[in-house]
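Below is a short report on one protein chain, written to be read beside its structure. The headings mark the topics in turn.

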Amino acid sequence: MSDEVKTAEEITQDYTAMGHSVELINGIIDGSEMSEDNAADRQDCVNRNVEHLELMVAKDYWTTEDMTAVNAAITAGKAHTAS
(Lines give C-alpha, C1' and ligand atoms only; values in the text may rest on other atoms or scores of the structure.)
Protein backbone atom coordinates (compact mmCIF):
# COMPACT_ATOMS: atom_id res chain seq x y z
CA MET A 1 0.00 0.00 0.00
CA SER A 2 1.29 3.42 -0.89
CA ASP A 3 1.44 6.47 1.30
CA GLU A 4 1.57 8.63 -1.82
CA VAL A 5 -0.34 11.86 -1.42
CA LYS A 6 -1.43 13.65 -4.56
CA THR A 7 -3.28 16.87 -5.11
CA ALA A 8 -6.53 16.79 -7.09
CA GLU A 9 -4.65 18.39 -9.99
CA GLU A 10 -1.95 15.69 -9.92
CA ILE A 11 -4.60 12.96 -9.82
CA THR A 12 -6.31 14.56 -12.83
CA GLN A 13 -2.97 14.66 -14.67
CA ASP A 14 -2.33 10.99 -13.89
CA TYR A 15 -5.82 10.01 -15.06
CA THR A 16 -5.36 12.03 -18.27
CA ALA A 17 -2.01 10.31 -18.91
CA MET A 18 -3.72 6.95 -18.40
CA GLY A 19 -6.27 7.96 -21.03
CA HIS A 20 -3.44 8.65 -23.47
CA SER A 21 -2.09 5.14 -22.86
CA VAL A 22 -5.57 3.68 -23.40
CA GLU A 23 -5.89 5.56 -26.70
CA LEU A 24 -2.45 4.44 -27.85
CA ILE A 25 -3.04 0.77 -26.98
CA ASN A 26 -6.43 0.78 -28.70
CA GLY A 27 -5.02 2.66 -31.68
CA ILE A 28 -2.17 0.20 -32.16
CA ILE A 29 -4.60 -2.71 -31.95
CA ASP A 30 -7.05 -1.17 -34.45
CA GLY A 31 -4.25 -0.05 -36.78
CA SER A 32 -4.79 3.70 -36.47
CA GLU A 33 -1.56 4.27 -34.50
CA MET A 34 2.02 3.32 -35.39
CA SER A 35 0.89 1.53 -38.56
CA GLU A 36 4.20 2.37 -40.25
CA ASP A 37 6.26 0.88 -37.40
CA ASN A 38 7.37 -2.73 -37.35
CA ALA A 39 5.50 -5.34 -35.31
CA ALA A 40 8.18 -5.55 -32.61
CA ASP A 41 8.05 -1.80 -31.99
CA ARG A 42 4.25 -1.81 -31.87
CA GLN A 43 4.23 -4.75 -29.45
CA ASP A 44 6.86 -3.10 -27.25
CA CYS A 45 4.76 0.06 -27.10
CA VAL A 46 1.63 -1.91 -26.18
CA ASN A 47 3.54 -3.82 -23.50
CA ARG A 48 5.03 -0.64 -21.98
CA ASN A 49 1.66 1.09 -21.90
CA VAL A 50 -0.09 -1.94 -20.38
CA GLU A 51 2.59 -2.04 -17.68
CA HIS A 52 2.10 1.68 -17.04
CA LEU A 53 -1.67 1.24 -16.73
CA GLU A 54 -1.28 -1.73 -14.38
CA LEU A 55 1.01 0.28 -12.11
CA MET A 56 -1.27 3.31 -12.17
CA VAL A 57 -4.59 1.52 -11.64
CA ALA A 58 -3.12 -0.06 -8.48
CA LYS A 59 -2.51 3.34 -6.88
CA ASP A 60 -4.55 3.95 -3.76
CA TYR A 61 -5.38 7.61 -4.35
CA TRP A 62 -8.16 7.13 -6.89
CA THR A 63 -11.65 8.15 -5.83
CA THR A 64 -14.50 8.20 -8.35
CA GLU A 65 -12.46 7.86 -11.55
CA ASP A 66 -13.94 5.35 -13.98
CA MET A 67 -11.35 2.67 -14.73
CA THR A 68 -13.53 0.72 -17.20
CA ALA A 69 -11.61 1.84 -20.30
CA VAL A 70 -8.29 1.40 -18.49
CA ASN A 71 -9.08 -2.17 -17.48
CA ALA A 72 -10.38 -2.95 -20.99
CA ALA A 73 -7.16 -1.61 -22.54
CA ILE A 74 -5.06 -3.70 -20.13
CA THR A 75 -7.01 -6.82 -21.10
CA ALA A 76 -6.87 -6.03 -24.83
CA GLY A 77 -3.20 -5.13 -24.67
CA LYS A 78 -2.28 -8.36 -22.88
CA ALA A 79 -4.18 -10.38 -25.49
CA HIS A 80 -2.65 -8.50 -28.43
CA THR A 81 0.20 -9.84 -30.51
CA ALA A 82 1.41 -7.41 -33.13
CA SER A 83 1.86 -8.85 -36.60
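## Aromatic cluster

Y15, Y61 and W62 form one aromatic cluster. The model is a predicted one, and a search of the whole structure finds two aromatic pairs.

For W62 the relative accessibility is 14%, below the 20% under which a residue is called buried. Y15 has 29% relative accessibility and therefore counts as partly exposed.

## Overall layout

The protein chain has three helices and zero strands, and along the sequence the pattern reads α-α-α. Its C-alpha trace spans about 40 × 20 × 20 Å along the principal axes.

Of the 83 residues in the protein chain, 30% are buried. Among contacts between residues at least 6 apart in sequence, 70% join residues at least 24 apart.

Helix α1 has 23 residues. From first C-alpha to last, α1 reaches 33 Å, close to the 33 Å expected at 1.5 Å a residue. Its buried residues are I11, D14, M18, S21, V22, I25, G27 and I28. These buried residues of α1 pack against both α2 and α3.

G31 follows α1 and has a positive phi, near 90 degrees. M34, in the loop between α1 and α2, also has a positive phi, about 60 degrees, although M34 is not a glycine. Most residues other than glycine have a negative phi. With a relative accessible area of 22%, M34 is partly exposed.

## Packing of α1 and α2

The axes of α1 and α2 come within 9 Å and cross at roughly 150 degrees. The crossing of α1 and α2 is left-handed. On the α1 side, the contact is made by D14, A17, M18, S21, V22, L24, I25 and I28. On the α2 side, R42, C45, V46, N49, V50, H52, L53, M56 and V57 take part.

Which residues does N49 touch, not counting residues up to four places away in sequence? They are S21, L24 and I25. N49 lies in helix α2 and, at 12% relative accessibility, counts as buried. S21 and I25 are among the buried residues of α1, and S21, L24 and I25 are among the α1 residues that make the contact with α2.

## Helix α3

Helix α3 runs over residues 68-79 and has twelve residues. From first C-alpha to last, α3 reaches 17 Å, close to the 16 Å expected at 1.5 Å a residue. V70, A73, I74 and G77 are the buried residues named in α3. Seen down the axis of α3, its buried residues fall within an arc of 105 degrees, so they line one face of the helix.

On the other side of α3, T68, T75 and A79 are exposed. The buried residues of α3 pack against α1 (8-30) and α2 (39-57).

## Packing of α2 and α3

α2 and α3 pack at an angle of about 145 degrees, with axes 9 Å apart. The crossing of α2 and α3 is left-handed. From α2, the contact is made by V46, V50, L53, E54 and V57. From α3, V70, N71, A73, I74, G77 and K78 make the contact.

Note on methods:
Residues are numbered from 1 along each chain as its sequence is written. This is a predicted model: local features need pLDDT of at least 70, side-chain atom pairs count only at pLDDT 80 or more; totals for chains, interfaces and linings use all residues. Side-chain values use heavy atoms; hydrogens and water are left out. Helices (H or I, at least four residues) and strands (E, at least two) are DSSP runs, numbered from the N terminus. The expected span of a helix is 1.5 Å times one less than its number of residues. Buried means under 20% relative accessible area, exposed over 50%, partly exposed in between (1.4 Å probe, protein chains only). The arc is that of the directions from the helix axis to the C-beta atoms. Contact means heavy atoms within 4.5 Å. Rings of Phe, Tyr and Trp (its six-membered ring) pair if their centres lie within 6.5 Å; planes under 30 degrees apart count as stacked, over 60 as edge-to-face and the rest as tilted. Axes are lines fitted to C-alpha atoms, for helices over the stretch in contact, and angles run from 0 to 180 degrees between N-to-C directions. A crossing is left-handed if the near helix is turned anticlockwise from the far one by less than a right angle, and right-handed if clockwise.
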